[in-house]
Amino acid sequence: SCPSGSSLAGNSAQHCRCTAGYTGPDGGPCVACDAGKYKAEAGSGSCASCEKGWFAEEAGSSSCLGCPAGTFHADLSATSTACEWCPEHSSSVEGSYVGEHCRCNAGYTGPDGGPCSACDRGTYKAAQGSEPCTICPKHAVSPPASAARDLCTCTAGYMGSIEGECRACAGAEQCNSALYGPGVASGYHAPLAVQLPAVAYAGKGARVVVTKRDVYGQTVRSDSVSILAVYASLLGSLDVDPSVTLATTRVSLLQGQATFSIAASPTYSSWDSPSSRTELFRPPFLRFEGRDALSDATLRMASVPTLLNLSRGAAVCPRGSVLDLSPNEWGHEGACRVCP
C-alpha cells in the first residue's frame, strides 16, 4: 500500500503520488502542507502560500478560503484567525486584503477603512462607500443613519407630491392630519417598505423594520392599530417556503412602523468540517402583509418578497458563536449558538 498522504497512480510503490494537500517525492514519504498553505493537485509539487485575503485553516489543505465578508487580512500563509473585522458600520467583500476594502454601509459615511459615522438627522445615504450623506428635500426630515431617501418625510404643514418634493398644505384638511398624522399626503395605497439587516445569521435574532406608506412614499404615522404578519417566501414567489421557520410572525404597528425580531432557521445542504463551509439549501425570502385597520378593512397591505441575506460559507456564524447542526426548537438543523 502507498504511504500516508499518497495514492496509487500505477502498479508499483514508485507510482504512489502525494495527494492534494500533501507534498513529497513520488513513492513517499508525503507530508501535509502547513496551515496557511495549500496544494491543489496530486504529485511532487510544492505547497503554495495562500494569497492575501485568503487562508487555509488546517494542515493538508487543497485550497484556500477567502476571508468572510466583513473581514480582511494582509498576510500570506494565513489561517482564519488573521482575518480582522471591519470597523463598526462598514463591510467588505469576501477575500478582502486591506482595511480600505471595508466601506461604510448605507446610512453611514466616512473614508474607506473607517471610521464610519451615522448620517445626521435630515440626511440620508443609500449606497455603500465614502460618499457624503445627502440632505433631505426642503421641508423634509429623516432620522439619524437613514439609508434611503424614502425615510425623508415631510414636516408638519407640508405634504408630498408625485415628484417627491414637500409642498405647503392648503389647510389641515388637505394634509388630512386627522387620519395620517401631520405632514403626510392624503393619497393612500398601503404599500410597505422593508428595512433588512445587511447580514443576518441562522438562528440568531435580526431586527427588521417594516413601514406603512402612503401613495407618495411617506410614513403613515397615525397607524398603531394594524397588524402585520411575516411569511417565508419560496424563491421570491408568493408561496410559503416550508424549509424556513421564523420566530416572530405577527407584530402590531406603532406610529406606522412594525419592528420584527426574526430568527430564520433554514435547512443546510452541506457541511464540510475541515474547511468549516456550509451552504444553504436555498436563500430565504421574507414577505410581509396585513389588513389596513385605519381605512378599509379589506385593503391589503403587502411588501414584495425580499431576500434575507443570511451569512454562509466560512462566516455562517458571527464571531463568538458556533454552528449547531443538531435539531433545534423549530425542528430544523442549523443555528448559531453563543460559545460556552
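Biologist: Which hand does the link of Cys 67 and Cys 83 have?

Modeller: In this predicted model, a disulfide (a pair of cysteine sulfur atoms within 2.5 Å) joins Cys 67 to Cys 83, with S to S at 2.0 Å. The angle about the S-S bond is -80°, and the link of Cys 67 and Cys 83 is left-handed.

Biologist: Nice start! How many residues apart are Cys 67 and Cys 83, which link distant parts of the chain?

Modeller: Strands here are DSSP runs of E with at least two residues, while helices are runs of H or I with at least four, and both are numbered from the N terminus. Cys 67 sits in the loop between strand S8 (65-66) and strand S9 (71-72). Cys 83 belongs to the loop between S9 and strand S10 (84-85), and the two are 16 residues apart.

Biologist: What relative accessibility does Cys 83 have?

Modeller: Buried means under 20% relative accessible area, exposed over 50%, and partly exposed in between, using a 1.4 Å probe and protein chains only. Cys 67 is buried at 0%. Cys 83 counts as buried too, and its value is 4%.

Biologist: Before we go on, what should I know about the numbering and the confidence limits?

Modeller: Residues are numbered from 1 along each chain as its sequence is written, and side-chain values use heavy atoms, with hydrogens and water left out. As this is a predicted model, local features need pLDDT of at least 70 and side-chain atom pairs count only at pLDDT 80 or more, while totals for chains, interfaces and linings use all residues.

Biologist: Thanks! Why is the disulfide of Cys 104 and Cys 116 left-handed?

Modeller: The sulfur atoms of Cys 104 and Cys 116 are 2.1 Å apart. Their disulfide is left-handed because the torsion about the S-S bond is about -90°.

Biologist: And where is Cys 104?

Modeller: Its partner, Cys 116, lies in the loop between strand S13 (108-109) and strand S14 (117-118), 12 residues apart from Cys 104. Cys 104 is buried, with a relative accessible area of 0%. Cys 104 is in strand S12 (residues 103-104).
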